[in-house]
Amino acid sequence: MARLDHTETFHGISFPGHLHTQDSLQFALKFRFQDTDILVVSYPKSGTTWMQEIVTLISSGGEPLLSQTVPNWTRAPWLEQYYAAAMLEASSIRPRVITTHLPHHLLGPALQGSKARVIYVSRNPKDVVVSFYHFHNMANFLPKADSFPEFLNRFLESTLHFGSWFDHIKGWTCQGAALNLLHITYEQMSMDLRGTIERVSSFLQRPLLEEELTNCVKHCSFSSMKDNKMINYTLVPNEIMDHSKGTFMRKGQIGDWRNMFTEEQNQYFHSVFASKMQDCPLQFVWEKPEGEESHT
Ligand code: A3P
């Protein structure tokens, strides 16, 4: 399936046609979750791959064999992508680890009444948009990103592929209240990886021995993951991801937005954020505590 230039529009949201079809998106909406399923949910570039890795490692007690021999899209497939149906059918691994970028208003109904464990991963949207911008430059299945200011405007207008960041986080964290859901941020993983893995392992009811925990931390560090072909997307051919234009495991830092945003863009971002998030009670800690922890 190439369809690199094709966009699939589904319920008003654009998805890369290289990975999605109307049928595959419909399949996700009608999916029958099992109570043992683990669902990793995120807006793109929020730390999805990192959480897939954490969950894989917790499930295997810190033993890296699976994460070093099976690509992340096979061991934790994206439910809405075209290969997921066949892959999930063929897999006998339990618990199933499934990933999705779909918003709650689309996938929530399929989860209603389910005890599946949902891990929602979010990240400072300023770092999301910067990471997404760089990703657009290397991923040939996404439309070419023009200038950063234009890309930023499209993010704030919610017209990029995968839809609105604002609706995504509000939907999953507010309307998702009835779900068996744990909300983890990229910043928590970054500032306290060990503590975050402990929280996830407790949520999954898969306790870890001290040594297993240490192994999990080791194998999902940025440097380990950057060198792991099963995660760093170097298995994807150049015509699909142009590896001369960037790396998937790019910087892995908090606050890289500072290298891209002008002061004016920052102020504009804050005004849009304040208006779109006024009905959201979440408190965010998005910066390292240099001096003081700051919000947004
Ligand atoms: P950057 O582009 O800012 O480096 P996703 O998996 O949702 O697409 O997110 C990708 C982002 O997560 C990239 O951010 C990538 O570098 C970062 N990432 C992945 N694994 C990481 C890790 N172990 N530590 C820190 N950042 C990680």
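A pocket is defined, on a 1 Å grid over the protein atoms alone, as an open set of points where a 1.4 Å probe fits, with protein on both sides within 12 Å along at least five of seven lines; its lining residues have an atom within 4 Å of a point. A molecule sits in a pocket if more than half of its atoms lie within 2 Å of the pocket's grid points.

The structure is a predicted model, in which local features need pLDDT of at least 70 and side-chain atom pairs count only at pLDDT 80 or more, while totals for chains, interfaces and linings use all residues. Residues are numbered from 1 along each chain as its sequence is written, and side-chain values use heavy atoms, with hydrogens and water left out.

The ligand sits in the largest pocket. This pocket holds about 880 Å³ of space, a volume being the space filled by probe spheres set on the grid points, which are joined across faces, edges and corners. Its lining comprises 42 residues, with K45, T49, F135, Y233 and F248 nearest the centre.

Around the ligand are 18 residues, of which T48, T49, S131, Y186 and K251 are the closest; a residue is counted if one of its heavy atoms lies within 4 Å. Polar contacts are pairs of N or O atoms within 3.5 Å. A polar side-chain atom of T49 is 2.5 Å from a ligand oxygen, and an N or O atom in the side chain of R250 lies 2.8 Å from an oxygen atom of the ligand. For G47, a polar backbone atom is 3.0 Å from a ligand oxygen.

Notes: Polar contact = N/O pair within 3.5 Å; in protein donor to acceptor, adjacent residues only side chain to side chain.
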